[in-house]
Amino acid sequence: MDKNNNKDIILDIRDLKKYFYMPKGIVVHAVEGVNLQLKRGETLGLVGESGSGKSTIAYNVIGMYEPTSGEILFDGEALNPKIRKRTLKQKGNMQIVFQDPGSSLNPRATIGKNLAFPVKLHGGLKDKNEIHDRINELLQFVGLPEEYAEKFPLSIGGGERQLVCIARALASNPELIILDEPTSALDVSIQAKVIRRLIDLQKELNLSYLFITHDLSLMRNLATKVVILYLGRVCEIADTAEFYASPLHPYTQMLLSSIPVVTEEEEKLRPVKVESRGEIPNPADMPAGCGFHTRCSRCMEICKTEHPRMREVSPGHYVCCHAVEGRIVESEKKD
Ligand code: SF4
């Protein structure tokens with residue numbers, strides 16, 4: 001097996017491509033050569049609009065999709081792309097929490113029974129009392145009282161249902177949890193509670209998160225590193241502080257300038273207003289050159305024919321844009 005030398009890297013995605021072959025010869029390029037690394041105990045925020053490929057990347061990692069090409073390493077070991085060929089330990093080591101907690105749980109079974117299945121499967125527990133204790137421990141982890149084991153999923157609120165989904169994900173003692181828009185279906189007041197619990201659990205259990213979202217404002221206090229995706233490709237990657245202080249890709253600037261700001265400090269950090277223009281093109285009919293050129297206010301002739309290369313503009317800050325050369329030369333921020 002291929003071994004990754006860096007023991008800090010828990011997830012290593014190498015040149016991942018995922019194409020969907022449709023009738024009439026149509027090929028959808030959902031993910032086009034993505035390279036990403038997630039360090040142990042950290043949160044990688046994958047951000048993009050619908051159709052950017054962020055969920056497709058997650059489903060390749062978890063094994064719901066098989067990559068067209070490329071490699072996914074977990075803890076230095078290359079994973080078999082076929083989920084049924086992965087070991088129980090590999091399956092238990094990474095879990096996913098979906099956007100809609102309502103459809104993730106069996107509504108006919110109590111919460112206790114929903115949790116009992118992964119507890120028995122991954123924990124190898126057979127004794128009734130041990131299973132009961134483990135279910136209570138999982139509920140405690142997510143801040144729900146023991147009595148919730150007797151309730152049915154539809155008798156509790158959406159935020160609590162999502163906490164049950166997180167408890168179920170924890171049943172296998174995973175090292176990595178993929179969070180696929182885990183709060184976007186919840187009320188804003190409940191979102192904060194779920195996010196706080198996720199942050200606490202990460203510290204308590206040394207979890208690593210691959211956090212998928214279209215909400216950039218959510219990543220500021222949550223992610224260690226932010227990745228911007230557009231049409232299945234990475235546009236920009238940077239550590240969170242650097243990302244919000246010096247966003248360089250025109251698409252990132254467009255996304256950031258559309259976030260409402262509240263404080264003066266946030267206003268100072270906001271890049272010059274970049275109008276949101278048009279919509280993400282159809283991935284089955286990708287534009288030539290830079291995929292963003294049909295919406296970019298800084299588009300040049302070269303952008304229409306040649307896809308830019310990813311460049312490291314400062315340590316750990318990567319941008320894929322013809323307009324960005326070496327260390328950026330112009331101030332992109334407001335006066
Ligand atoms: Fe805009 Fe050109 Fe940069 Fe693409 S490569 S984001 S079109 S400036």
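This is a predicted model: local features need pLDDT of at least 70, side-chain atom pairs count only at pLDDT 80 or more; totals for chains, interfaces and linings use all residues.

Student: How should I think about the inside of a protein in general?

Tutor: In soluble globular proteins, nonpolar side chains tend to be buried together. Here the largest nonpolar core has 57 residues.

Student: Which residues of the largest nonpolar core touch the most other members?

Tutor: They are Ile166, Leu170, Leu216, Met219, Val226 and Ile228. Helix H6, residues 158–170, gives this core its largest share, seven residues. There is also a second, separate core of 29 residues, and Leu11, Leu36, Leu38 and Ala58 are among its members.

Student: Next, helices. What is the general idea?

Tutor: An α-helix has 3.6 residues a turn, so residues three or four places apart point the same way. Take helix H4, residues 111–123, as a case. Its buried residues are Ile111, Gly112, Asn114, Leu115, Ala116, Pro118 and Val119. What covers them includes helix H5 (128–141) and H6.

Student: How far does H4 reach from its first C-alpha to its last?

Tutor: H4 has 13 residues and reaches 17 Å, close to the 18 Å expected at 1.5 Å a residue. After H4 comes Gly124, with a positive phi near 65°.

Student: Which residues of H5 are buried?

Tutor: In H5, Ile131, Arg134, Ile135, Asn136, Leu138, Leu139 and Phe141 are buried. The cover over them includes H4, H6 and helix H7 (188–205). As to length, H5 has 14 residues and spans 20 Å from its first C-alpha to its last, close to the expected 20 Å.

Student: Now pockets. What should I look for?

Tutor: Look at the volume, then at what lines the space. The largest pocket has a volume of about 570 Å³. Its lining has 24 residues, and those nearest its centre are Gln95, Ile96, Pro118, His122 and Arg168.

Student: Which element gives the largest share of the lining of the largest pocket?

Tutor: That is H4, with six residues. The elements giving two or more residues are helix H2 (88–93), strand E6 (94–97), H4 and H6. By class, this lining has 14 nonpolar, six polar and four charged residues.

Student: How much space lies in the second largest pocket?

Tutor: About 440 Å³. It is lined by 24 residues, of which Asn35, Leu36, Val234, Ile237 and Met310 are the closest to its centre. Strand E2 (27–39) supplies the largest share of this lining, eight residues. The lining divides into 12 nonpolar, seven polar and five charged residues.

Student: Which residues is Thr240 in contact with, beyond its neighbours within four places in sequence?

Tutor: Thr240 is in contact with Met219, Arg220, Ala223, Thr224, Lys225 and Val226. Distance in sequence and distance in space should be read separately. Thr240 and Val227 are 13 residues apart in sequence, and their C-alpha atoms are 9.4 Å apart in space.

Definitions and conventions: Residues are numbered from 1 along each chain as its sequence is written. Side-chain values use heavy atoms; hydrogens and water are left out. A nonpolar core is a set of buried Ala, Val, Leu, Ile, Met, Phe, Trp, Tyr and Cys residues joined through side-chain atoms within 4.5 Å. Buried means under 20% relative accessible area, exposed over 50%, partly exposed in between (1.4 Å probe, protein chains only). Helices (H or I, at least four residues) and strands (E, at least two) are DSSP runs, numbered from the N terminus. The expected span of a helix is 1.5 Å times one less than its number of residues. Contact means heavy atoms within 4.5 Å. On a 1 Å grid over the protein atoms alone, a cavity is a set of points where a 1.4 Å probe fits but cannot get out, and a pocket is an open set with protein on both sides within 12 Å along at least five of seven lines; lining residues have an atom within 4 Å of a point. Grid points are joined across faces, edges and corners, and a volume is the space filled by probe spheres set on the points. Ala, Val, Leu, Ile, Met, Phe, Trp, Tyr, Cys and Pro count as nonpolar, Asp, Glu, Lys and Arg as charged, and the others, Gly among them, as polar.
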